[in-house]
Amino acid sequence: MGQCGITSSKTVLVFLNLIFWGAAGILCYVGAYVFIIYDDYDHFFEDIYTLIPAVVIIAVGALLFIIGLIGCCATIRESRCGLATFVIILLLVFVTEVIVVVLGYVYRAKVENEVDRSIQKVYKTYNGTHPDAASRAIDSVQRQLHCCGIHNYSDWENTDWFKETKNQSVPLSCCRETAGSCNGSLAHPSNLYAEGCEALVVKKLQEIMMHVIWAALAFAAIQLLGVLCACIVLCRRTRDPAYELLITGGTYA
């Protein structure tokens, strides 16, 4: 009965190690996705420390590749030292993922204030005639999120660019995709996106942070199961004489 329980635990542990490899790839993908999205919205978000959860989750993903290798070797070879190392590393990674979750919630709460502070500056310095990186970022976000202005298209009337052009129009990126003849004129507001960009940028960044949080929580749960199975195998290997003889090939006297 004891040997059957150990065999089951070993089977589950080997399966979990294979999951760790898959999880490592997913975590690295999530972290890289956050970096890519941040690159699109970095002008609206000045606090680079918000990327810390993404950096940590990529590091955890890379470490999971190594953990999976250690776990497989330790399980197959019945190495007490290897299993103990496997458990310790898993616990350390688990603690790291808990930190990622906490940081994720902290920075998720800061997103709205950060965007509100930064987006005002970006719109104020917009230059549609000779667009710089920030101006191109505004056009890109307005096209992607189907929005116009900070709160709505009327915000453009307060920008230096609008006052200088004196043509009573907003950037073409404010035009609805269905409005074929749109030239950005405020005389035809039905051709423009009605919703402002600030709320949508905040929503997008918070969604991204939630992806990091849920990924960390999901794999933290898997790691706890791995720790449990490894501890079962480790304890049985230490305490069960029959199992010890089975491993060493000995027999009872």
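Reader: Is Cys147 buried or exposed?
Author: Buried, at a relative accessible area of 0%. Buried means under 20% relative accessible area, exposed over 50%, and partly exposed in between, with a 1.4 Å probe and protein chains only.

Reader: What is Cys147 joined to?
Author: Cys197, through a disulfide with S to S at 2.0 Å. The pair links distant parts of the chain, 50 residues apart: Cys147 sits in the loop between H4 and helix H5 (160-165), Cys197 in helix H6 (residues 197-239). Helices are DSSP runs of H or I, at least four residues, numbered from the N terminus. A disulfide here is a pair of cysteine sulfur atoms within 2.5 Å.

Reader: Which hand does the disulfide of Cys147 and Cys197 have?
Author: The S-S torsion is about 95°, so this disulfide is right-handed. Cys197 also counts as buried, at 1% relative accessibility.

Reader: How trustworthy is the source of these values?
Author: This is a predicted model: local features need pLDDT of at least 70, side-chain atom pairs count only at pLDDT 80 or more, and totals for chains, interfaces and linings use all residues. Residues are numbered from 1 along each chain as its sequence is written, and side-chain values use heavy atoms, leaving out hydrogens and water. pLDDT is the predictor's confidence in each residue, from 0 to 100.

Reader: And what does the protein chain average?
Author: A pLDDT of 78, with 81% of the residues scoring at least 70. Helix H4 (residues 133-145) has the highest mean, 88, and helix H7 (residues 241-248) the lowest, 43.

Reader: Back to sulfur. How many disulfides are there?
Author: A search of the whole structure finds 3. Cys148 pairs with Cys174, S to S 2.1 Å. That link is right-handed, with 85° about the S-S bond. Cys175 pairs with Cys182, also at S to S 2.1 Å. The link of Cys175 and Cys182 is left-handed, at -65°.

Reader: What pattern do they follow?
Author: 1-6, 2-3, 4-5, counting bonded cysteines along the chain.

Reader: New topic: how many aromatic pairs?
Author: The whole structure has 5. Rings of Phe, Tyr and Trp (its six-membered ring) pair if centres lie within 6.5 Å; planes under 30 degrees apart are stacked, over 60 edge-to-face, the rest tilted.

Reader: Why is the pair of Tyr29 and Tyr33 stacked?
Author: Their planes are at 20°, with centres 6.4 Å apart, so the pair is stacked. Tyr29 is exposed, at 58%, and Tyr33 partly exposed, at 26%.

Technical notes. Helices (H or I, at least four residues) and strands (E, at least two) are DSSP runs, numbered from the N terminus.
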